[in-house]
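Subject: Structure handover

Hi,

Here is the structure I promised to pass on.

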Amino acid sequence: SYIDPSTKIFGALGHEIIDSNTSEIVEIKSGTIFKNYITGIEKSVTGTAGSKNAKFYYNTKYGVILKNTNVGIYGKYDASLPNKEPMKVAKTNEVKIGDAYISTVIEGQKINNFNIEITKIDETAKIKNITFTIKDEELLAKTGGVVQGMSGSPIIQNDKIVGAVTHVIVDNPTTGYGLFITTMLKEGEK
């Protein structure tokens, strides 16, 4: 979702990693983030979340995971920073209902921007602050909507990062939830 260029702290997912057998949050003692390559998409359909399929390059490490929280995973980025201009961060009250986009990878390693519409903002929610609908026909054709593996994809509005994708609404996978980026930044600095 983000890398702070001054501290190299990163935040990803926007939600916790859960043990599929116990449904409990996984305690992180150590972890690593790796290079990956999206090899395909299983489309979302009403009632079932799709997913990204990926090949992982375990010899290309980008950083270490230090904690797993209900608002994401956090750690230190060890690799060279991407050659990108840092984004401005939107304050919570700057997030508005209306047009925005998400940045995500649906093939290979190419990051693309896809149009969404923010339809609801809940400043009091702990994790589902932003409700959005995917409007991008290309993304809908390839994914059917929000899929597993999009978690953490940045939500951008008015040239500022406002949040990160966190959940699909399974009954209508063209819609999803996001978490305010300010919540992730605060957790990353703890």
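In which sense do strand β11 and β12 pair, and over how many bridges? Strand β11 (residues 154-157) and β12 pair in the antiparallel sense, over four bridges. Two strands count as paired if DSSP finds at least two bridges between them; strands (E, at least two residues) are DSSP runs, numbered from the N terminus.

Before you read on: this is a predicted model, where local features need pLDDT of at least 70 and side-chain atom pairs count only at pLDDT 80 or more, while totals for chains, interfaces and linings use all residues. Residues are numbered from 1 along each chain as its sequence is written, and side-chain values use heavy atoms, without hydrogens and water.

Back to β12 and its neighbours. I156 has I161 in β12 as its bridge partner. β11 and β12 form a hairpin with two residues between them, and N158 in the turn has a positive phi of about 55 degrees. On to strand β13 (residues 175-180): β12 pairs with β13 in the antiparallel sense over five bridges, with V165 partnered by G178 in β13. Strand β6 (residues 88-89) runs parallel to β12, joined to it by two bridges, and K88 stands opposite K160.

Why is β12 largely enclosed by the rest of the structure? Seven of its nine residues are buried, so β12 is largely enclosed (buried means under 20% relative accessible area, with a 1.4 Å probe and protein chains only).

Happy to talk it through!

Best wishes

Note on methods. Buried < 20%, exposed > 50% of the residue type's maximum accessible area, 1.4 Å probe, protein only.
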